[in-house]
Structures are given as structure tokens and as C-alpha cells.
Amino acid sequence: MSEEKYTRPSWDEYFMEICRTVAKRATCDRGRSGCVITHNNRILVTGYVGSPAGLPHCDDVGHLFKKMVHEDGAVTQHCVRTVHAEQNAICQAAKNGISIEGATLYCKMTPCRTCAMLIINCGIVRVVCEKRYHDSADSLAMFKAAGVEIVHLSDELQTYERM
């Protein structure tokens, strides 16, 4: 019997797998996502999609959809009941006095415009995404202008049932 040699995951693969595990705590079934922020290959904080502390969760009371009209005229729906995983991870760092300057952030998809601005202002220098997001041109342009490296592990586009 020949056994295949075990190959250790890369750091990006390792932290992305942890990110997927963190996402299991998310409280919005539409976009269960997680986030892991690391520095020097050590986990600093994690976060997942969920309502602000003490407020009802999508899983319990349903989604709170708002329509968004894009420049090209396309209309999409977004659940606004929850705080994004990236935002929650950044908040955890702030609450616990943990510097995330110079860190790497791992997340499910290209961060939205608001998350991108927070990531830049926190001094995060690298973002690793599992997938791409349909509405990410602003984020990608800001990351480039700010010198934040962005890596997509897959070119697959994140989609939702009710966009």
C-alpha cells in the first residue's frame, strides 16, 4: 500500500479554514461569514456576522432588507440587521485593546466599501478573501490606493439567493 505524503496547509489555507469555523457562529443565514485577524501568523481576534449585542438576530426574527440602487441601475437587496464579520473583528480588537496595525485579515469575500475603509484606517496591510464579491470595485480601488495587498483564494463570485 502506498500512502500519499501529507502536505501541511499554507498559512493562508490554515487561517481561512479557521475563518470558516468562526462563520458557524454567525446569526444571519443569508451570509454566514467569519473573519480572522492575524499578525506574524498568530491569531489576534475573530468576528462573525451578527446583530449588535442585545438586539434580535436574523435567525430568530428574520432579515431586515433594504434595497440598494447601483450606478448601473441594478437593484439589490441587503440585510442590514447585522454587523459584518470584519467590523465585529475590528470591534473586538478595540474592546480588548489589541493593536491590529500591520495585520492580515481573512474573510469570506471581498470586503464591502465600509469594511474596506475601516480595514485601511486600522492599518491592516493584507486582506485574504475566499471568494470575490459582485460589488467590490470601490473596495479594490481603495485597497490599491492605500497600498493594502488583497488576495483572492478563488475567482468564484459570492452570490446570495435574494440579491
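Threonine 38 stands opposite threonine 104 in β5, strands here being DSSP runs of E of at least two residues and helices runs of H or I of at least four, numbered from the N terminus. The model is predicted, so that local features need pLDDT of at least 70 and side-chain atom pairs count only at pLDDT 80 or more, whereas totals for chains, interfaces and linings use all residues. Residues are numbered from 1 along each chain as its sequence is written, and side-chain values use heavy atoms, with hydrogens and water left out.

β1 and β5 run antiparallel and are joined by four bridges; two strands are taken to pair if DSSP finds at least two bridges between them. β1 also pairs with β2, in the antiparallel sense and over six bridges. In this pairing, valine 36 stands opposite threonine 46 of β2. The two strands form a hairpin with two residues between them, and asparagine 40 in the turn has a positive phi of about 50 degrees. Strand β1, residues 34-39, is mostly covered, with five of its six residues buried. Buried denotes a relative accessible area under 20%, exposed one over 50%, and partly exposed the range in between, for a 1.4 Å probe and protein chains only.

Helix α5 spans residues 137-146 and contains phenylalanine 143. This phenylalanine 143 is buried, at a relative accessible area of 0%. Apart from neighbours within four places in sequence, phenylalanine 143 is in contact (heavy atoms within 4.5 Å) with Pro111, Ala116, Ile119, Ile120, Val127, Val148 and Ile150. Arginine 126 is 17 residues from phenylalanine 143 in sequence, and the C-alpha to C-alpha separation is 9.2 Å.

Pockets were located on a 1 Å grid over the protein atoms alone: a pocket is an open set of points with protein on both sides within 12 Å along at least five of seven lines, a cavity is a set where a 1.4 Å probe fits but cannot get out, and lining residues have an atom within 4 Å of a point. Grid points are joined across faces, edges and corners, and a volume is the space filled by probe spheres set on the points. The largest pocket holds about 960 Å³. Its lining comprises 38 residues, and those nearest the centre are His78, His84, Cys112, Tyr133 and Asp135. At least two lining residues each come from β3 (65-69), β4 (75-79), α3 (85-95), β5 (104-109), α4 (113-122) and α5; β3 provides the largest share, four residues. By class, the lining of the largest pocket divides into 16 nonpolar, twelve polar and ten charged residues, where Ala, Val, Leu, Ile, Met, Phe, Trp, Tyr, Cys and Pro count as nonpolar, Asp, Glu, Lys and Arg as charged, and the others, Gly among them, as polar.

The second largest pocket holds about 310 Å³. Of its 15 lining residues, Tyr48, Ser51, Ala53, Asn88 and Gln92 are the closest to the centre. β2 (42-48) and α3 each contribute at least two residues to this lining, which has five nonpolar, eight polar and two charged residues.

With a disulfide defined as a pair of cysteine sulfur atoms within 2.5 Å, the count is zero. For cysteine 19, which is in no disulfide, the nearest cysteine sulfur is that of cysteine 35, 6.1 Å away. Cysteine 19 is buried, with a relative accessible area of 2%. Cysteine 122 is likewise in no disulfide, and the nearest cysteine sulfur, that of cysteine 91, is 9.0 Å away. Cysteine 122 counts as partly exposed, at 23% relative accessibility.
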